[in-house]
Amino acid sequence: MRDIVFIKWIEIAILVSIAFLQDIKSYKVKNKLILVFLCIGIITNVYVNNVHGLIDSLAGIVMPIVILWILFIARVLGAGDIKLFCCIGAIAGAKFTVFTIIYSFLAGGVISLFYIIFRNSAIKSFKSLFNFIKACILTHSILEYEFDLKSKFPFSSAVFLGFLLQVWINI
């Protein structure tokens, strides 16, 4: 059983490494990569646990969509990032993916803090975020968040760190 978990971690490590390289290059995670690793995840889980493996993969694919759709609508998170989490879910299942999402957002917060501090834009960034939240509350709707392109970073780097943290905690 431990060997299967290790194999799944290797599959995810390859996935997030390639996604990170693609994201750095073009701020996109290619659909070919997503499709390949969705298939790899489903095949691995069906091979190991038959129908239960298929159910676990499907739950792992659906869970990130359910959790993160509102961030996609607000344009805070890209579709490629959500699809990346879906691939992780296809490979490792829903529970592992939920914790990877949590750790990825924590890592993303730390990365964002470094961006803000080292670019001397803390006041501007917090003012922009405050105005966005205020506008959403006043209009009772989810508005599109306007990002300063200079403060944007490839979120797959946070996913990679979130995955590493999840593995480290589970060792």
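**Close-up 1. Packing of helix H3 against helix H4 in the predicted model.** Helix H3, formed by residues 79-92, packs with helix H4, formed by residues 94-118, at an angle of about 145°. The axes of the two helices lie 7 Å apart. Helix H3 passes H4 in a right-handed crossing.

**Close-up 2. Residues in the contact between H3 and H4.** Helix H3 contributes Phe85, Ile88, Gly89 and Ala92 to the contact. From H4, the contributing residues are Ala94, Phe96, Thr97, Thr100, Ile101 and Ser104. Sorted by class, the contact of H3 with H4 comprises 6 nonpolar and 4 polar residues, with no charged residues.

**Close-up 3. A nonpolar surface patch of about 910 Å².** The patch is made by Val110, Leu113, Phe114, Ile117, Phe118, Phe126, Leu129, Ile133 and Ile137. Helix H4 supplies the largest share, 5 residues. Leu129, one of the residues that make the patch, is located in helix H5.

Close-up 4. When neighbours within four places in sequence are left aside, Leu38 is in contact with Ile61, Cys86, Cys87 and Ala90. Leu38 and Val62 are separated by 24 residues in sequence, and their C-alpha atoms are 12 Å apart in space.

How values were computed:
Residues numbered from 1 in each chain as written. Predicted model: local features only at pLDDT ≥ 70, side-chain atom pairs only at ≥ 80, totals over all residues. Heavy atoms only, no water. Axes fitted to C-alpha atoms, helices over the stretch in contact; angles between N-to-C directions. Helix = DSSP H or I, 4+ residues; strand = E, 2+ residues; numbered from the N terminus. Left-handed = near helix turned anticlockwise from the far one by under 90°. Contact = heavy atoms within 4.5 Å. Nonpolar A, V, L, I, M, F, W, Y, C, P; charged D, E, K, R; others polar. Patch = residues over 30% accessible without salt bridge, like charges linked within 9 Å, V, L, I, M, F, W, Y side chains within 5 Å. Areas by Shrake-Rupley, 256 points an atom, 1.4 Å probe, with all protein chains shown as cover. Salt bridge = Lys/Arg side-chain N within 4 Å of Asp/Glu carboxyl O.
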